[in-house]
Amino acid sequence: MTRGRTQSLPVISLLVLLLSIAHAQPRRLIPADILRVATVSDAQISPTGEWIVYSTSSVEGEQTTSTLWLVRVGERLSGGPPTSRQPEQRRNWETLRYLGRPLLPPGWNASNPRWSPDGKNIAFLATREGQRGIWITGPSRAVPRFITAIRETNFFITYAGEPFAWSPDSRMIAYVSASEEEIDKDDDPRVIDRIQYKSRTSLSDRLRTHVWITDVDAPQPRQLTSGLFYDHALSFSPRGDEIAFLSNHEADPDANNNSDIFSVNLQSQIRQITATVGCEYEPAWSPDGKWIAYTATKRDVTTIDSVAEDMHVWMTSASGYTRRELTASQDRRARNPRWRSDSRAIYFSANDHGQTLVFESELQTEKIRQLFGAIDEVKSRQNASEFKGALDSTAPTALDQHIQVTSFSVSETLDTSEALPTRPRVLLHDPIIAAVISDATHPTELWLVRGNGMARVSNHNDNFRRGASLIEPEEFRFKSFDGSEIQAWIMKPAGWREDRKYPLILSIHGGPHGMYGYALNSSFQVFAARGYAVLYLNPRGSSGYGQRFADGTINEWGGGDYRDLMAGVDEALRRYSWIDQYRLGVTGGSYGGFMTNWIITQTPRFKAAVSVASVSNLVSFYSTSLYQDLMHAEFGGFPWDNYDALWQWSPLRYARQAQTPTMFIHGEQDNDVHITQAEEMYMALRRRGVDSVFVRYPREGHGFHEPKHRVDALERTLDWFDKYLK
């Protein structure tokens with residue numbers, strides 16, 4: 001008995017070893033794996049640079065929860081930055097390990113963490129026991145303390161901005177909260193008497209948002225603004241006497257999207273700082289109190305949806321008398337202005353050729369420099385492999401590769417340069433940046449950046465990456481029909497072999513002024529794991545290539561953008577002989593759904609299509625969408641003035657030409673693109689005998705939120721493509 005047991009031990013050990021090896025081997029993704037990716041966001045570094053607090057969003061059961069994490073990063077990166085382009089795995093750097101922890105006790109669902117200026121407290125938004133409001137805690141595991149209740153509106157506010165702001169002495173918090181517009185108004189029947197009466201998934205409520213303020217130690221909420229407006233996006237003056245905010249005070253704000261910067265003092269006196277025909281966003285007061293930085297557009301007709309005009313960084317004097325545009329020469333879409341501590345430079349993020357990077361603009365010289373990450377260049381295969389795995393490292397590294405920065409904040413240390421005979425000592429600003437970074441094979445994680453040195457300080461997606469076999473996209477560029485350069489990427493199918501032919505799926509982004517780039521797309525990875533090549537590109541109309549390119553879809557959705565997409569397919573077929581030209585599929589969501597509908601009415605080359613949250617009729621879209629001003633901004637007029645143009649560029653007009661089997665996927669509560677748009681196109685195809693199916697998801701809006709729906713939509717998409725392409 002004993003002998004037999006002893007002999008079986010090596011066998012059991014071998015089985016355990018084999019099972020461990022098998023478990024450790026990366027496997028191909030399946031649709032359910034998209035729920036395993038955690039989203040890191042909203043990186044906020046403390047004023048001293050010692051701590052970073054940030055948000056993570058993950059799926060737990062049938063819910064998506066948002067939690068706050070805290071990590072102590074110390075004062076500087078140890079070990080120094082790398083000085084060579086040697087591959088990371090060959091370096092012998094001491095590994096930096098930052099141990100983050102949840103900021104709040106178990107069971108909290110929170111967001112929007114913000115440090116007090118003295119660095120002692122963190123304010124955040126949370127709903128606890130049915131009460132939505134602002135809470136505060138600290139890095140020393142303090143029990144969260146409730147400060148004030150907040151009431152939120154479901155009314156759609158473009159770029160709602162900061163929902164609250166600390167006073168410079170850390171004693172008060174200004175915040176946005178809503179109050180009832182009309183009390184005791186009967187909703188049976190509901191009487192509509194305004195243009196923007198829809199929210200994203202229902203009818204707009206009757207709440208209006210205003211600026212409030214409260215003490216922190218002895219909370220006594222006090223309303224500072226009022227009226228039939230939506231005041232939002234707060235920034236506290238460094239003097240502590242005023243709060244800048246955005247509001248639209250046009251005679252009919254629903255009909256004219258025009259947000260300006262205002263300021264209210266603690267006595268509720270309001271003054272208007274900007275009065276432009278364009279829209280101002282994201283006000284941020286300078287540390288010296290003299291200026292306000294912001295982003296803005298200049299055109300007199302714009303939209304609350306995907307606007308063609310690129311926002312640039314601006315600054316205005318606190319009085320509003322002097323304004324300067326700072327990033328016009330960069331000619332890129334900018335966001336998130338942040339001041340340098342000396343008020344002489346502004347940090348901001350901008351899209352550039354598939355990347356979103358962080359830049360600094362010097363006010364005196366107007367010189368713009370990128371702080372980290374690669375600028376527009378197509379790396380050779382050698383360089384690409386040289387840097388492969390850099391985002392895996394927790395050791396100090398000089399990151400020089402294509403990335404996406406989705407969030408950043410800055411703290412600074414001051415140093416003094418060495419005095420020279422010809423130059424006195426000068427004060428140097430050494431920014432310490434907390435940034436959320438990703439690329440095509442790495443989900444978002446938190447990074448610490450100082451100078452050329454970078455270190456990863458979170459590992460929320462390490463288990464996902466270790467268990468997943470991810471495909472690295474290959475970038476290529478080509479000349480379209482008119483000589484315009486188009487940027488594209490292709491992902492090979494898992495298990496790719498040169499001697500085989502593979503089906504290809506063309507995926508089209510939304511917008512039309514969105515941008516594909518260097519962020520992980522888990523759905524694309526699932527497509528590739530299922531045996532499909534995936535082609536995606538940024539046709540004209542996309543952001544990240546300058547204003548002229550972004551304007552490429554004005555007055556013609558389905559014109560040059562469609563020709564760019566077809567040229568991209570032709571180029572992929574020319575470059576990659578392993579793609580089967582007779583097994584092509586196409587898909588896209590929102591504007592990508594519009595373009596999917598357009599494509600199947602213009603060419604029979606695609607053998608299957610999946611159209612998600614799609615537009616089919618620009619005439620009816622105008623009046624059924626939440627974005628009632630989009631057609632006006634994109635096509636220069638309303639249907640009664642511009643009917644022929646809107647109908648000319650509507651896929652429904654050409655439905656008699658469609659031959660491609662098409663699946664339509666739509667949320668039943670989608671007011672961005674009303675479900676009637678899918679109904680019109682589906683009915684046209686079915687009436688004509690084209691194989692088609694319509695999948696409606698209850699409780700969903702423009703983007704799906706319920707985990708089971710996200711997985712189901714992806715599974716159905718794959719099954720549809722499998723049916724016709726395999």
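A salt bridge is a side-chain nitrogen of Lys or Arg within 4 Å of a carboxyl oxygen of Asp or Glu. The model is predicted: local features need pLDDT of at least 70, side-chain atom pairs count only at pLDDT 80 or more, and totals for chains, interfaces and linings use all residues. Residues are numbered from 1 along each chain as its sequence is written, and side-chain values use heavy atoms, with hydrogens and water left out.

By the salt-bridge rule, the count is 42.

Select Arg 324 and Glu 366 to begin. Their closest N and O atoms are 3.0 Å apart, forming a salt bridge. This pair links distant parts of the chain, 42 residues apart: Arg 324 is in strand β20 (residues 323-325), and Glu 366 is in the loop between β23 (355-362) and β24 (368-370). Strands (E, at least two residues) and helices (H or I, at least four) are DSSP runs, numbered from the N terminus. Arg 324 has a relative accessible area of 27% and Glu 366 one of 39%; both are partly exposed, a class between buried (under 20%) and exposed (over 50%), with a 1.4 Å probe and protein chains only.

Next, select Asp 580 and Arg 583, whose side chains form a salt bridge at 2.9 Å, N to O. Asp 580 is buried at 15%, whereas Arg 583 is partly exposed at 21%.

Then select Arg 696 and Glu 668, a salt bridge with its closest N and O atoms 2.9 Å apart. Arg 696 lies in strand β36 (residues 692-697) and Glu 668 in the loop between β35 (662-667) and α11 (676-687), so the pair ties together parts 28 residues apart in sequence.

Finally, select Arg 340, Asp 342, Glu 360, Glu 362 and Arg 369, which salt bridges with shared partners join into one network.
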